Amino acid sequence: MALLDDNSGGKSQDPRTRMVARAAQEIAPGMVVNLGIGLPTKVIDHLPAGFPVCLHTENGMTGIGPTLPFEDADRNLIDAGGAYVSPLPGTAYFDSAVSFALVRSGRLDLTMLGAFEVAENGDLANWKIPGKFSPGAGGAIELAQKARRVVVLTTHTDRKGNPKLLQSCTLPLTATGRVARIFTDMAVVDVTPCGFALVELIDGVTVKEVQEATGATLHLPDHDIPTF
Amino acid sequence: MSLPDKTTPMEEAVAAISDGAVVMVGGFGVPGTPFTLIHELVRQGKRDLTVIKNDANEAGMGIDHLISAGLVRKLVVTHLGLNANAISAMNEGRMEVEFCAQGILAERIRAGGAGLQAILTDIGLDTELAAGKQVIEMDGKRLLVEPAIRADVALIHADQADPFGNLTYLATARNFNPIMAMAADRVIVEPEQIVPLGGIDPNAVETPGVFVDQVCPLVSIGEEYGVVRR
């Protein structure tokens, strides 16, 4: 894959880029991974060149290679977000039924999704804002419900500064109790049986700031909190 | 013996579609969308259609021509976020929209093509998508009953076809085409290339010709099939 080696630790970059670079470390060698449209797709830019991973896309492909510029694009080869992608040695194509058979039967080790809201019990809302945004859920419900591990990439607050990490979701749910970890532009937060647990802080952000930007209690570890 | 020839002019194949028909349309984005069959459907002004498709294409492309012409009464779809015309038609009540989880739409269609009545699944339980659906309990689990889907007509885009209707597909232009090609009472295919009987290696056939009713030659592969510059 045409990837940037990101060994800088990312601390010179803006918080969103650091969030995406940190999320890339979530991907272990050998995994089958589906990256949602938007920020999650950018995670691949932060994997080391030659990293052994199989990326899946809902429209029927495993083994996604680099995104191509228009002049090199194959009109029959896109990912679920519409980007023109390329095959790798070992790529497979299949129909939509097979594509979701592998999702529902547990062959997807990890999915990274965007979010409007995440609740402290792991509920996720990311497909509908009644009266404002209702384009349909596409494959999000099955990804969120059936991937072995579900992590979320999102800004910590919405554009108006309202928290997106909440005690309970107010929007229609995508899946209940499935989110394990959240990467934001302020922190890494785990969903635990006790609620949200602060795992890491972005360099320069304080515990107080991230707690104020969160709509639920953040449980703190009894050791120093690592930064990224 | 030789296998029957199902080659049919597109105008004739589409003329047999009734107003009010339930029509499956292959494609996910541009790849696999039968643009020429859709144009012929618009040209012949078939109305009151129920269209089943993964997405609503983009404004000015594919089934948007049907939607903008007011020919679609109901759209069954997984996502229409890239088509502002479709969103307006839905919000203004000009078109009924039923949303379905993507893989469940695929599996309902596959079940329809396999002669099954329904599938049982936990997908969408405890979400809005479960509203109004029958729930049963089996092995201690709650499951939604998702009815199989069949259509009057399926419009399919394939890479190669032989005259009997054996089909191959390319890359992500497969998507819903192979399953829809099994799930309609009349399956109409526009292949990019028609090869003679025997021109497709039997090992490479993805849709067996028995599922296909009409193979319509394409005069050209127009701009709509090309790479979209955004």
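Trainee: Which helix gives the largest share of the side of chain A that touches chain B?

Mentor: The contact takes 33 residues from chain A and 36 residues from chain B. On the chain A side, the elements giving two or more residues are helix 3 (140–146) and helix 2 (96–104). The largest share is five residues, and the element behind it is helix 2 of chain A.

Trainee: How many residues on that side of chain A are nonpolar?

Mentor: Take the side of chain A that touches chain B by class. Six of its residues are charged and 11 are polar. The nonpolar residues number 16.

Trainee: What is the bridge partner of B:Val189 in strand 11 of chain B?

Mentor: Strand 10 of chain B also pairs with strand 11 (residues 214–215) of chain B. That pairing is parallel, over two bridges. In strand 11, the partner of B:Val189 is B:Val215.

Trainee: Where in chain A does pLDDT stay under 50?

Mentor: Chain A averages a pLDDT of 93, and 95% of the residues score at least 70. Where pLDDT is low, predicted coordinates should not be read in detail. The model does have 21 contacts beyond four places in sequence for the stretch in question. In chain A, pLDDT stays under 50 over residues 1–10.

How values were computed. Residues are numbered from 1 along each chain as its sequence is written. Chains are lettered from A and ligands numbered from 1 in the order in which they are written. This is a predicted model: local features need pLDDT of at least 70, side-chain atom pairs count only at pLDDT 80 or more; totals for chains, interfaces and linings use all residues. Two residues are in contact if their C-beta atoms, placed from the backbone, lie within 7 Å. Helices (H or I, at least four residues) and strands (E, at least two) are DSSP runs, numbered from the N terminus. Ala, Val, Leu, Ile, Met, Phe, Trp, Tyr, Cys and Pro count as nonpolar, Asp, Glu, Lys and Arg as charged, and the others, Gly among them, as polar. Two strands pair if DSSP finds at least two bridges between them. pLDDT is the predictor's confidence in each residue, from 0 to 100.
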